[in-house]
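Hi,

Here is the structure I said I would pass on. Have a look, and my notes follow below.

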Amino acid sequence: MKESYDVVVVGAGGAGMSAALAAAHQGLDTVLIEKSPYFGGSTARSGGGVWIPGNYALREAGQVEDGDLDKAKAYLDAIVGDVVPKVRRDTYLDRGPEVLDFIRAHTPLEFTWVPEYADYLPESPGGRARGRSVEPEPMDARFLGDELDRLHPAYTKAPANLIVMQRDYRKISLGLRTIKGPLTMLKVMLKRVLSLVLGKKMYAMGNAIAIGLRKGLMDAGVPVEYETELVDLLVEDGRVAGVVVTQGGTRREIRARRGVVLGSGGFEHNQELREKFLPQPTSATWSTGAPANTGGGLLAGTAAGAATALLDDAWWGPTIPLPGRAWFCLAERNLPGSIMVNGEGRRFMNEALPYVEATHEIYKGEATGVSHVPSYLVFDQTYRNRYLFAGLAGRQPFPGRWYKEGVVVRADTLEELATKVGLPEGSLPATVERFNGFARNGVDEDFHRGESAYDKYYSDPTVKPNCSLAPIEKGPFYAVKIVPGDLGTKGGLLTDERARVLREDGSVIDGLYAAGNVSAAVMGNTYPGPGGTIGPALVFGYLAVEDLTSAAPAKEIA
């Protein structure tokens, strides 16, 4: 590694790789440094959704309506509001399609619409019930050669070449309830067999995004320096002029003539920072973000004078604390025949809420003095027989360790289940009795579950009259522990619409940029739809480079 470059990018996740790719194609001498031995970061561990309204994949699928950009802006105006300046929100929407066009032109990535995956708050002004999310087409990653060994380990293990796209997951989660479930699994298995026969190495979802961007960097000649950790920023005359890193136990400086772009992720795996900033209780073990995300970029940026925002928030999601790993709940709490209860044995929200909003409700409840951490997902044997649960097929027994460690509790009656969990006597049976009445009538009078188009996405279309509601009545009964987990933190360095890092007084720290979860989220305290994290990471990484390209090199600044 040289002593100086035009651009130093920190973090080989979606934001960092987007920035490094853009810099290389601007003709800038660029290096990408990565703390871990892997590329991909949390992007590689994700479902791979990208929420960028009006992009080419949506246009090709006929999913861009007249006035879509204005509707998308109205949507973010409504759900994000003044938490984030409008110019930053609008810039994201105005420039996002261009960024996906750039990635399409300079990587093997091709995106496709995720059919009917609704915006998370589709009834808000400008929301879209048919969705605006796209995902990468699966790709054969043999072109990476040995570099493929550096792909960040997946969130969950799956057999080689078993490719499940987001569009497939909702069908598979229903098990045998519809013909689409077994047909989709058959298709997935046949594709796996064919790939194995042909010697392919197929990847989808977040893996595919990471692989595609990495191939783009290889083609552009951008070096990636692994196991190189940012420890500080070089600041000279108020301008960031480079970074201080440790590599192989050696501390060294790398100068940046044009600028430093931080794409180093959040602080989800730093327990000290979690306890300092996030609602309590909290645990790094509940996060599914990349383990190397411990807040190095945040700490270096604040030491250089950067302002911060949204540090008390995260890309939350109700999570099952399985032994040795966290399981981020998507369909499990949405499928009919399940409810979530607090420490008093009572429901406290629409269980099918988007995951950030659902976890906000958990913490709101916890703040009342009633225990909501953990909450419990309660269901019966009918539910267990029907649906995929935490990766296990319907009827497949839960592992004994899950019971031993108290993650799952099972009982023949609801009264016995409540006693085992420690809920007040009579509370759970009364809650279930009331819920069962709603399920039979098809109207959740308490929390309106099943009314939103989003509620219906992970539901069971064979259940009537409300596809999101089914009675809980056939023992044995189960209670599964639910905690407020996350995909990563969303608070970080305050940036403007050009990804420039700002001080508390609003002035720009020259030479310093941030994108992805090291920066305060453009989505504020909410989440617009599937891919509301990766989309901004890609876009603001690109926009950071656009700005620094126009700036004078450090050596030309008096």
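The side chains of Asp-101 and Arg-59 form a salt bridge, at 4.0 Å from N to O; the term stands for a side-chain nitrogen of Lys or Arg within 4 Å of a carboxyl oxygen of Asp or Glu. Asp-101 sits in helix H5 (residues 86-106) and Arg-59 in helix H3 (residues 56-60), so the pair ties together parts 42 residues apart in sequence. Helices here are DSSP runs of H or I with at least four residues, strands are runs of E with at least two, and both are numbered from the N terminus.

Before I go on: this is a predicted model, where local features need pLDDT of at least 70 and side-chain atom pairs count only at pLDDT 80 or more, while totals for chains, interfaces and linings use all residues. Residues are numbered from 1 along each chain as its sequence is written, and side-chain values use heavy atoms, with hydrogens and water left out.

Back to that pair: Asp-101 is partly exposed at 34% relative accessibility, and Arg-59 is partly exposed too, at 43%. (Buried is under 20% relative accessible area, exposed is over 50%, and partly exposed is in between, with a 1.4 Å probe and protein chains only.)

Now for a buried pair. Asp-486 and Arg-274 also meet in a salt bridge, with 3.0 Å from N to O. Asp-486 belongs to strand S18 (residues 477-489) and Arg-274 to helix H9 (residues 271-277), so this bridge ties together parts 212 residues apart in sequence. Both residues are buried.

Arg-346 and Glu-344 make another bridge, at 3.8 Å from N to O, and Glu-344 is partly exposed at 32% relative accessibility. There is also a network in which salt bridges with shared partners join Lys-2, Asp-6, Asp-29 and Arg-257. The count of salt bridges comes to 38.

You'll find Met-349 in the loop between strand S15 (338-341) and helix H11 (355-366), and at 2% relative accessibility it counts as buried. Beyond its neighbours within four places in sequence, Met-349 is in contact (heavy atoms within 4.5 Å) with Met-340, Ala-358, Glu-361 and Phe-447. Glu-361 is 12 residues away from Met-349 in sequence, and their C-alpha atoms are 6.9 Å apart.

Last one: Leu-186, in helix H7 (residues 180-198), is partly exposed at 48% relative accessibility.

Cheers
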